[in-house]
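Q: Could we go through this structure together? I would like to start with a helix and then look at some backbone details.

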Amino acid sequence: EPSIPSLKDAFKKDFGIGTALNTAQIDERNPKTTEFIARQFNMATPENVMKSALLHPKWDTYTFEMGDKLIEFGKKHNIKINGHTLIWHSQLPAFVRGIHSQDSIRTFFTDHINTVAGHYKGKVFSWDVVNEALNEDGTLRKSVFLQHLGDNYVTEAFRLAQAASPNTELYYNDYNNEQPAKRAGCIALIKKVKEAGVRIDGVGIQGHWHVGRVPLKDIEESIVQYAALGLKVMFTELDLEVLPRNVQGADVGQRMASNATTNPYPNALPDSLQQQLATDYESLFKLFLKHKDKVTRVTFWGVNDGDSWLNNWPIRGRTSYPLLFDRNDQPKPAFYKVVALA
Ligand code: XIL
C-alpha cells in the first residue's frame, strides 16, 4: 500500500493542522486509528469532552477523566490540545437551567472557569475561552451569561482564564464571524477585551461552510482585519457540507426547517460533487497559504466523513461527506488537491 502523504508535514512551515477528537478515536486499543491521527494532525480540539455539560455535571462535581485522556493522547503523539470551550450558551450542565439569580450564575461562571482552566493549566496549549457569543447582526447573543452578568462577561471570562492559566493562548471562537455584520461585532468585542487590558491571543472562525458557496472574499477580508488587531487567525471547525439542494430544498434556512430524513447519497458522492468539494477545499487552502503569516491553524471538525457531526445535524440520519478522508480513512480527491498546494 503506497503511503498517504501527511497533512501536518505538508503544511509544517505554514500552519498547524488540527482535528476534532472524540473519545473513541483516542482509544489506544485501536492503533490503526491513533497512528493515522498522529500522522495527519499536530493539533486537536475535543469535540465534546471539555464542554461544561460533560465536565461539570453538578455544582461541585467535575469529571475530568475524558479530558485528561485526551491530554495524555496529545502528549504521547505530539498533538497540541485546544481546550473547547469554557463559556458557551450551548451544551450547558442541566443544573444551570435551574439557576435564576445573578449571584448563582456569577458563581457558576467564576468557579467553572477557575476550576477547569486551573485543572488544565500547563496541559492545554490554548482555550476557546468564549464560544458563539454573537448574533448574526453583531450584537451579543441573549445568553444566560449576558442576561445575568451584563455585556462585560466576555472580558471577564478572558480575565479569569488568564489568571487561572497564565501561559495558555486565549481565543474567541464563533461561526459566520467572517460575515461583515457579525465580523464587525466580533472586532468590537475583541477591542473591548483589549481596551480593558485583558489578553486575547486569537480569533477562531469555525468554517462550517457549504460546497459551492464558500464565502472566499469575506474570509479573506476577515483574515486581514482580525490580523490587523494583532490576533492570530484560526479556522477551527472546518467542514464543507455538500448541500443536497435538489432533494432537501434550495437553501440552508429551508433545510433547517425541514423535517426531511431523506438520504440522497447513501453510498458515495456523485463524481461532480466530489470534484466540486475538491475545488472548494483547494480555493480555501490557497487563501490560507496566501495569508500564512496570519493564519496559524486549520482544524477540521472530524477526522473522516464517518465522524462528522453533519451526519446528524441539522437532519438526523442523513449521510454527509464534508471532510478530506472517507469513512475508511482513505484520502478523497480534495485531500490530494490540498496537499498538492503545499
Ligand atoms: C458539536 C459536536 O460536533 C456534536 O458532537 C455535538 O453534539 C454538538 O456540538 N460549534 C461548536 C462545536 O463550537 O462545539 C459544535 O460541536 C459544532 C458547532
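Predicted model: local features only at pLDDT ≥ 70, side-chain atom pairs only at ≥ 80, totals over all residues.

Q: Which residues of helix α14 are buried?
A: Helix α14 covers residues 333–341, and Ala334, Phe335, Lys337 and Val338 are buried in it.

Q: Where do these buried residues fall, seen down the axis of α14?
A: They fall within an arc of 165°, so they line one face of the helix.

Q: And what covers the buried residues of α14?
A: The cover includes helix α13, residues 271–290.

Q: A change of topic: is the peptide bond from His84 to Thr85 cis or trans?
A: The bond is cis, and its omega is near 5°.

Q: Where is Thr85 placed?
A: Thr85 belongs to strand β3, which spans residues 80–87.

Q: Next, the loops. What is the phi of Gln91?
A: Phi of Gln91 is near 45°, which is a positive value in a residue other than glycine. Gln91 sits in the loop between β3 and α5 (94–97).

Q: Is Gln91 buried or exposed?
A: Gln91 has 12 C-beta neighbours inside 10 Å and therefore counts as exposed; the cut-off for exposed is 12 or fewer.

Q: What about the phi of Asp329?
A: Asp329 is not a glycine either, yet its phi is positive, about 60°. Asp329 lies in the loop between β9 (295–300) and α14.

Q: How many other C-beta atoms lie within 10 Å of Asp329?
A: There are 16, so Asp329 is partly exposed.

How values were computed:
Residues numbered from 1 in each chain as written. Buried ≥ 20, exposed ≤ 12 C-beta atoms within 10 Å, placed from the backbone. Helix = DSSP H or I, 4+ residues; strand = E, 2+ residues; numbered from the N terminus. Arc of directions from axis to C-beta. Contact = placed C-beta atoms within 7 Å.
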